[in-house]
Amino acid sequence: MLNNNRLFKYALGAIALLVLPLIAQQFGNGPVRIIDLALLYVMLALGLNIVVGYAGLLDLGYVAFYALGAYMFALLASPHLSENFVAFAAMFPNGLHSPLWIVIPVGAGLAAFAGMLLGAPTLKLRGDYLAIVTLGFGEIIRVFLNNMEHPLNITNGPRGIGQIDGIHIFGIDLGQPRQQFFGFEIPSVTLYYYLFLALVIFSVVICYRLETSRIGRAWMAIREDEIAAKAMGINTRNLKLMAFGMG
């Protein structure tokens, strides 16, 4: 009986999530965009929960990794590099315009590398000291990216990078305002909602599996008492670096 009730609640929740953007669309694209951004920040919160919630590392510069991945996506999926560098213009006259299946892993890899790069010199820090260092790192990245315009224009300064390609997935161009499905027109903001919803569900499954794994239990041991965890043979250094990278 309990399993049936739980299944019914899950089915009801799934139906509600599927019809939510269709209802919000009746009030225009604005409410759907807000929901899209909410799902995006849910994914960011899930990543932050790995670092802060599981491993107990108070990381206040987490958004800097998001910024690095976003800029990498923009550079690989726009004509910006070809317009500002002769070597890129000779190889890619129309810009890089890399496919999504290349851009996403490269952006995620850069963010993970930056996470471990930050984690390496802060392994001895705890609590407020770690928070101050990571907060400083986040500010450094923000100032750094806002000023990478001279002498080499890499980020276009505070104006940002434009002409970024829309997402193409399974033959669907989310850059178009509307798409036709079975005779119905669906706005791209609604399609983005379903894409982000699928990614949120995938992220939740990954986080749940991490929490119940040996790595997750080791992170929680470090969070509760790092000295005791180290005494039990847990490699706290590698696991901390893994938490920064996985987040």
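**Helix packing and pockets**

Helix 3 (residues 62-76) and helix 6 (residues 100-119) pack at an angle of about 150°, with their axes 8 Å apart. The model is predicted: local features need pLDDT of at least 70, side-chain atom pairs count only at pLDDT 80 or more, and totals for chains, interfaces and linings use all residues. Residues are numbered from 1 along each chain as its sequence is written, and side-chain values use heavy atoms, with hydrogens and water left out.

**Helix 3 with helix 6**

- Axes are lines fitted to C-alpha atoms, for helices over the stretch in contact, and angles run from 0 to 180 degrees between N-to-C directions; helices (H or I, at least four residues) and strands (E, at least two) are DSSP runs, numbered from the N terminus.
- Helix 3 and helix 6 are therefore roughly antiparallel to each other (angles under 35 degrees count as roughly parallel, over 145 as roughly antiparallel, 65 to 115 as roughly perpendicular and the rest as oblique).
- From helix 3, the residues F65, L68, G69, M72, F73 and L76 meet L100, V103, I104, V106, G107, L110, A111, A114, G115 and L118 of helix 6, where contact means heavy atoms within 4.5 Å.
- This contact of helix 3 with helix 6 has 13 nonpolar, 3 polar and no charged residues (Ala, Val, Leu, Ile, Met, Phe, Trp, Tyr, Cys and Pro count as nonpolar, Asp, Glu, Lys and Arg as charged, and the others, Gly among them, as polar).

**Helix 9 with helix 11**

- The axes of helix 9 (residues 214-224) and helix 11 come within 10 Å and cross at roughly 110°; the two helices are therefore roughly perpendicular to each other.
- I215, A218, W219 and I222 of helix 9 make the contact with T236, L239, K240, M242, A243 and M246 of helix 11.

**Pockets**

- The largest pocket holds about 1800 Å³ of space. A pocket is an open set of points on a 1 Å grid over the protein atoms alone, where a 1.4 Å probe fits, with protein on both sides within 12 Å along at least five of seven lines; lining residues have an atom within 4 Å of a point. Grid points are joined across faces, edges and corners, and a volume is the space filled by probe spheres set on the points.
- The lining of the largest pocket comprises 46 residues, of which L40, M43, Y66, I104 and L199 lie nearest its centre.
- Helix 8 gives the largest share of that lining, 11 residues.
- By class, the lining of the largest pocket has 35 nonpolar, 8 polar and 3 charged residues.
- The second largest pocket holds about 210 Å³ of space, and its lining residues include L68, M72, L110 and F144.
- Helix 3 gives the largest share of the lining of the second largest pocket, 4 residues.

**Local features**

- F85 lies in the loop between helix 4 (80-84) and helix 5 (86-91), and touches L152, N153 and I154, not counting residues up to four places away in sequence.
- F85 and N153 are 68 residues apart in sequence and 8.5 Å apart in space, C-alpha to C-alpha.
- The peptide bond from H150 to P151 is cis, with omega near -5°, and P151 is in the loop between helix 7 and strand 1 (168-169).
- N156 is also found in the loop between helix 7 and strand 1, and has a positive phi of about 65° although it is not a glycine.
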